[in-house]
Amino acid sequence: MSTENEGTAVPPAPSAPPPPADAPAASAPQGAHPGSAPAAGGPYGPPASQAHHDPGESTSAPDPSWPPPPPPSAPAYGAGHGGQGYGAAGQGGGGWGAGWGAAHQQPAPKNGRGRGGLVAAVLVAALVAGGLGGGLGYTLARENDSGGSTTVSAGTTGGNVKRDPGTVAAVVAAALPSTVTIEAASSSGEGGTGTGFVFDKQGHIVTNNHVVAEAVDGGNLSATFPDGKKYEAEVVGNAQGYDVAVIKLKNAPSDLKPLTLGNSDDVAVGDSTIAIGAPFGLSDTVTTGIISAKNRPVASSDGSGSKASYMSALQTDASINPGNSGGPLLDAQGNVIGINSAIQSTSNGGFGTGQAGSIGLGFAIPINQAKYVAQELIENGKPVYAKIGASVSLEDTTNGAKITEQGVGGTEPVDPGGPADKAGLKPGDVITKLDDRVIDSGPTLIGEIWTHKPGDEVTITYERGGKERTTELTLGSRVGDS
C-alpha cells in the first residue's frame, strides 16, 4: 500500500513586501491574487520531492526464528524523510508565509474625527510592531551572516527543563545508569554485542543466553555502563531453553542500583513500554511503544536450528533490533516487565546490511519468568525447567500439541511414572489447553509450561478418539539444558 505525493504545487514568494496601508497600492500584475491561500503543501509543508510514501505491506507468514533470515534489499529512507528535513522546510516557509495575502489597503474614513483617530492609532501600533520586528530581524541577521537566516534562542531547554516523574525522559534518566552494553567473544575472537541490566547490588547482570553464549567456555566478556566505565565479567549461569543468562562483574562498584522488577502478569495490552539497548552497536539507545499482545508463543533458535528457546512472550512495537537483546523492557513507571529477546522481521535488512531490522514486532521474556530463572542460576548455576514428562510433536500446526508415538532417542514417549503418565495421558493424545491457555502446537505447549514452576498444578484439556477430556497434572522438574 502506498500514498500519492501531496503538495505538488508551491506558490512563488512575493517579489516585494506589500506597501504600507497609508501609501498608494501598486497595481497588481494580471492574474495575481494577493489574498489567495497557498496550495496544499505550501509554506508549512514539504516540497513534492519530500512527500512521504507508506511502505508496502507483507502478506507472508511470520518466521519466529532467531536470528532472523538474511533480508532482501529494500529502499533506505534518508534523513530528509523524517522530522529534520520537514522541520527545515517548515521554518523557512513560516517566515515567507508571514506576508502572504497582507497587501489589502485600509479604506480612508468617510467622516468623523473619532473614527479617524481610532484608525490612526491602529496604524501606528502596526507600524511600531513592524519596526520592532524589523529591528530584531536586522540585529539577528548581522550576528549571523552565514546565509542571512535569522534564529531565536529559547530561554529554557535541555537540562534546565523540569521533567516530571512518569515522563519518558524521567524514567530513562533513572533507568539508563543501570543498564550495560555487553561484549562477548569466544576464545577464537568470534562474538557480538548485546545488552543487560543490573539485577542486584552484588554485581549480577541479567541478559539473554544468546548474548553471552560465545563466552561461556573460556571466552572474553565485558560490560560497559553509560558513563563509560567498563568491567570484565564472567558467566554465572545460562539457560539456553529459557534464553536467560546471568553474568557477574569483576570488581563490581559498591554503588550499583538494581532496576526495580515489575509484575508481568499485571501488564495489559496497550500499556506504554520503553526499551533500552544497543541496536547494531549503538549503545544506550532508547525507544518507546506499547504492549501489542501477551502470551505470544515464540520459538527462537541459534540459527543452526539445533538449539531452540521457547517463550510465552510479551509483544511490543517499541523498536528492537539486533543488539537490543538482553536489555530491559520497562513500563511507564520504569519497572522492568520483560527482557527484550527476539524480533520478527521480513527477509530484508536494508541499509546496506545483511541483518534484519525492526518492523514493530518485538518479543520479550516476561520478567516473572526471567526473575525465577535468574535466581536459580545465581543459586545453583543451572536452570530448572518444569515438565509434563511426555514428548510432543514440534510441527507447526493449529490443532494442538500431539504426544508422539516414539520418544526422543528411543525413549518412551510418556515417562513411566512421570506427571503425564500419572495424569492418564497416552501417545496420540492431542493437548488443546493448559489451564485457560489455548495450545495450538508443541512449541506453544512448551513455552506455556515454562511459565510455571515445578510442583505447580495445572489442568490439561486434550482430545482422544475425537472426544474432549480433562485431567489434573502436577508439573515435574528437569535440571540443566542437556
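Colleague: Let's start with one residue. Which residues does T432 touch, leaving out those up to four places away in sequence?
Modeller: T432 touches N399, R437, V438, I439, T461, Y462 and E463. Keep in mind that this is a predicted model.

Colleague: Which strand does T432 lie in?
Modeller: Strand β15, which covers residues 430-434.

Colleague: And is T432 buried or exposed?
Modeller: Buried. Its relative accessible area is 13%, and the cut-off for buried is under 20%, so T432 qualifies.

Colleague: Zooming out, how many helices and strands does the protein chain have?
Modeller: Seven helices and 19 strands. The chain has 482 residues, and 36% of them are buried.

Colleague: New topic: confidence. What is the mean pLDDT of the chain?
Modeller: It is 74, and 63% of the residues reach 70 or more.

Colleague: Which elements have the lowest and highest mean pLDDT?
Modeller: Helix α1, residues 83-97, has the lowest at 33. Strand β3, residues 204-207, has the highest at 98.

Colleague: Where is pLDDT below 50?
Modeller: Over residues 1-142, for one. That stretch has 129 contacts in the model beyond near neighbours in sequence. Residues 348-353 also stay under 50, with 13 contacts beyond four places in sequence.

Methods: Residues are numbered from 1 along each chain as its sequence is written. This is a predicted model: local features need pLDDT of at least 70, side-chain atom pairs count only at pLDDT 80 or more; totals for chains, interfaces and linings use all residues. Side-chain values use heavy atoms; hydrogens and water are left out. Helices (H or I, at least four residues) and strands (E, at least two) are DSSP runs, numbered from the N terminus. Buried means under 20% relative accessible area, exposed over 50%, partly exposed in between (1.4 Å probe, protein chains only). pLDDT is the predictor's confidence in each residue, from 0 to 100. Contact means heavy atoms within 4.5 Å.
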